[in-house]
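Visitor: I would like to learn how to read a structure like this one. Please show it and take me through the features.

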Amino acid sequence: MIREPAQVTIDASGRVQIPLGILAEAGLDTESPVLAYSDGDGRIVLRRLNDAIDDLMLGEEL
């Protein structure tokens with residue numbers, strides 16, 4: 001099941017709380033190490049750290 005996007009707010013310290021349902025749908029759990037990076041204007045990507053490392057080892061772009 002694909003959920004509807006959830007509106008979140010960036011707080012004064014630059015933090016965002018992502019709803020647990022979205023994390024679970026993405027196969028992420030609390031305390032999961034992720035890599036965060038910008039993918040252009042207005043777009044931020046979170047990747048499982050291990051997936052990003054595997055992609056780098058295989059020579060694929062993030």
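Guide: What follows goes from the overall layout to the strands, the pockets and a database record. This is a predicted model, in which local features need pLDDT of at least 70 and side-chain atom pairs count only at pLDDT 80 or more, while totals for chains, interfaces and linings use all residues. Residues are numbered from 1 along each chain as its sequence is written, and side-chain values use heavy atoms, with hydrogens and water left out.

Visitor: How many helices and strands are there in the protein?

Guide: Helices (H or I, at least four residues) and strands (E, at least two) are DSSP runs, numbered from the N terminus. The protein has two helices and two strands, in the order α-β-β-α along the sequence. Its C-alpha atoms fill a box of roughly 35 × 30 × 20 Å along the principal axes.

Visitor: What share of the residues count as buried?

Guide: Buried means under 20% relative accessible area, with a 1.4 Å probe and protein chains only. Here 11% of the 62 residues are buried.

Visitor: How many bridges join β1 to β2?

Guide: Two strands pair if DSSP finds at least two bridges between them. Strand β1 (residues 34–38) and β2 run antiparallel and are joined by five bridges. Alanine 36 has leucine 46 in β2 as its bridge partner. The two strands form a hairpin with five residues between them, and glycine 40 in the turn has a positive phi of about 115°.

Visitor: Which residues are closest to the centre of the largest pocket?

Guide: On a 1 Å grid over the protein atoms alone, a pocket is an open set of points where a 1.4 Å probe fits, with protein on both sides within 12 Å along at least five of seven lines; lining residues have an atom within 4 Å of a point. A volume is the space filled by probe spheres set on the points, which are joined across faces, edges and corners. The largest pocket has a volume of about 570 Å³. Of its 17 lining residues, Val8, Val16, Ile18, Ile44 and Leu46 are closest to the centre. The elements giving two or more residues to this lining are α1 (20–25) and β2 (44–48).

Visitor: Which residues line the second largest pocket?

Guide: The second largest pocket, with a volume of about 180 Å³, is lined by residues including Ile18, Leu23, Leu28 and Leu46.

Visitor: Where does UniProt place the SpoVT-AbrB domain?

Guide: UniProt positions are given in the numbering used here, feature names are shortened, and annotations may be inferred rather than shown by experiment. The unreviewed UniProt entry places this domain at residues 5–51. The end C-alpha atoms of that span lie 23 Å apart.

Key
Buried < 20%, exposed > 50% of the residue type's maximum accessible area, 1.4 Å probe, protein only.
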